[in-house]
Amino acid sequence: MGATTRTEAGQLARSGQVRYHDREVETMPRDRLRVLQLERLRATVDNAYRNVPLHRARMDAAGVKPSDIRTLEHVARLPFTVKTDLRDHYPFGMFARPVDALARLHASSGTTGKPTVVGYTAGDLDRWATLMARSMTSAGARPGDIVHNAYGYGLFTGGLGAHYGAEKLGAVVVPMSGGSTERQIALIVDFGARVLCATPSYALAIAEVAETMGVDLRKSGKLAVGLFGAEPWSEAMRREIEARLGLKAVDIYGLSEIMGPGVACECEHQAGLHGWEDHFLFEVIDPETGKPRPDGEAGELVITTLTKEALPMLRYRTRDITRLTDEPCACGRTHRRILRVTGRNDDMLIIRGVNVYPSQIEAVLVGLPGISPHYQLVVERRGSLDHVTIEVEAAPGSPASDWPETAARVVHHVKSLIGITTDIVMKSVGEVPRSQGKAVRVRDLRPKGP
Ligand code: DLL
C-alpha cells in the first residue's frame, strides 16, 4: 500500500489521469476538510439534541451540551449509539423529522425481534445518490455505462442505493435485483453491461452459473468494473472473482443505519476504501473499553453522520472491525481510507483462545486445489470448548476418491495459517447453499444464552 507522497498524489490528481465525481471535495486539503467536518458535526449534534429525545436524554445524562462540541476531538464526549437503540425506539422514535416530512423508509429484515427502520428526507436521498455516484466513479464507472444492478431491491438499501447512484452518475441502470441467475447472465451479455453491482458471494454465483451455461463472461460481454460489498470478503475472493468474471473488483461499504451503500468505497487502486469524510466522521475504538484507537490500529468502526437530516447518528457503533489510514492514496483523494472490513464483532469466533473471522478462513480456502470457494462454518460446543467444522465443496470434476487427501490439505493449511484445528466435511457441487444477497457463512449450533 501507498508509498505515494502527498506531492506525487497531487501531481497525479492534477494530471487529469484520475476521474472524480467532485474533484474539489474529493481532493480537499485535510485541514479544510476538518473545518468542514466540525461545522457539520456541530449542526448534526444540534439537530439530534433538539429533535431526538433519546440523544437529548443521553447527552444530558453525560453532562454534554451541543455547545460543548468545539473541536472534532470533542466528539469523544458524546455517548455512543447502538443498533438496539433503533429497535427499542421502533419504528420512528429516533427520527429527527416528523414522518410526513420524509421521502423514504428502509428496514433491515431483523432475524430476531423487530427490524431496524431508517428514514430519509428528500435531501438525504439526494446526498446518498451523490455519494453513490462518487463511489461508482472512484471505482471506474463512467456516465453512459450500463450498470447491471443485482443488489436486492426493496427494504434492503443495496438495490435502490446503487440504482439512484448510477442514475445520478449518468449511467444506464438495469434494475435486476437478485435471483434468476441465468437471465441475469443473458442480459449482462446482451445489454453489454460494463459495471456489475452485487454482493461478492452472488458475483461468484453468477460466475459459476455462467460457466455451467458455457458463457465466458471474460470474453462475451463488456464487464470491466464490479462494485461488491454488503458482506465481508477476502483479498483471495477478490482475485477469484476478477479471474472468473474478467473485471476489476472494487470493495464498497455501507450500512443502513448510517445511510446504505456508499459510506466508503475503494478507488481504482483497490487499496482500502475512501471514507467520504465530508459526510461522515470516522473513529476506531477499542471494542472492550470504548476508548479511541490511533490510526492504523484495528478496532471497531464508529461513525457519526454529518449531513443526515432525518436520522442523525451520533457515534454509531457499527460492530465492524477495521483500521483507518491517512496515508496519501495514489489517486489524490484526501479522504482517509478504511482498510477492508475483516468481519463483525458478532461474527468473531473464539476457538480455543484464537480469535477468527470467517473471512480469514475464506482467504485460506479460496484457491486451494480440489475445492470450490463455496463454504459454511458450523460452530458447535464440545464440552466447554468451541469447535469449527468447515463444510466446503469439492471442485467440479474432482473424484470422491481424492476428497480425503483434499480435506487433509485444508486442515493443514487452516492450522498452519490461522492456528486452529478444524474438521472438514467435503460436499459435492451445489450442496452448499448459494447466496443471492448476503451469504450465510456461519451456522452456529452452540447453545444460546448464558
Ligand atoms: O449491506 C449496505 C450495502 C449494500 C453496502 C450494498 C454495500 C453494498 P446493511 O444491510 O445495513 O447495509 O448491512 C451493513 O454489512 O455493518 C457490515 O457488517 C456489512 N458490510 C457492508 N459492506 C461491507 C463490506 C448494507 N464492503 C453491514 N465489507 C455492515 C464487509 C460489509 N462488510
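This is a predicted model: local features need pLDDT of at least 70, side-chain atom pairs count only at pLDDT 80 or more; totals for chains, interfaces and linings use all residues.
Biologist: How many helices and strands does the chain have?

Modeller: The chain has twelve helices and 21 strands.

Biologist: And what is the radius of gyration of the chain?

Modeller: It is 22 Å, which agrees with the value near 22 Å for a compact globule of 450 residues. That radius is taken over C-alpha atoms, and the globule rule is 2.2 Å times the number of residues to the power 0.38. Along the principal axes, the C-alpha atoms fill a box of roughly 70 × 55 × 45 Å.

Biologist: What share of the residues is buried?

Modeller: Buried residues come to 55% of the 450. Buried means under 20% relative accessible area, exposed over 50%, and partly exposed in between, using a 1.4 Å probe and protein chains only.

Biologist: Let's talk sheets. In what order do the nine strands of the open sheet run?

Modeller: The order is β4-β3-β5-β6-β7-β8-β9-β14-β13, with mixed pairing. β4 (172-175) and β13 (324-325) are at the edges with a single partner strand each, so one side of each has no neighbour in the sheet.

Biologist: Which strands does β5 pair with?

Modeller: Strand β3 (residues 146-149) pairs with β5 in the parallel sense over three bridges, and β5 pairs with strand β6 (residues 225-229), again parallel, over four bridges. Histidine 148 has leucine 196 of β5 as its bridge partner, while valine 195 is partnered by valine 225 in β6.

Biologist: Are the faces of β5 covered or open, and which residues sit on each side?

Modeller: Both faces are covered. Val195 and Cys197 lie on one side, Leu196 and Ala198 on the other, and all are buried.

Biologist: Switching topic: how is the sheet of four strands arranged?

Modeller: That open sheet runs β10-β11-β12-β15, with antiparallel pairing. Its edge strands, β10 (280-285) and β15 (343-344), each pair on one side only. Inside the sheet, four bridges join strand β11 (residues 299-305) to the antiparallel strand β12 (residues 316-322), where arginine 317 is the bridge partner of valine 302.

Biologist: What about β18 and β19, how do they pair?

Modeller: They are antiparallel over nine bridges and form a hairpin with two residues between them; in the turn, glycine 383 has a positive phi of about 65°. Nine of the ten residues of strand β19 (residues 385-394) are buried. Six bridges also join β19 to strand β20 (residues 422-427), running parallel, and there valine 392 stands opposite methionine 426.

Biologist: Last one: is serine 372 buried or exposed, and what does serine 372 touch?

Modeller: Serine 372, in strand β18 (residues 371-382), is buried, with a relative accessible area of 10%. Leaving out residues up to four places away in sequence, serine 372 touches Val392, Glu393, Ala394, Ala395 and Pro396, where contact means heavy atoms within 4.5 Å.

How values were computed:
Residues are numbered from 1 along each chain as its sequence is written. Side-chain values use heavy atoms; hydrogens and water are left out. Two strands pair if DSSP finds at least two bridges between them.
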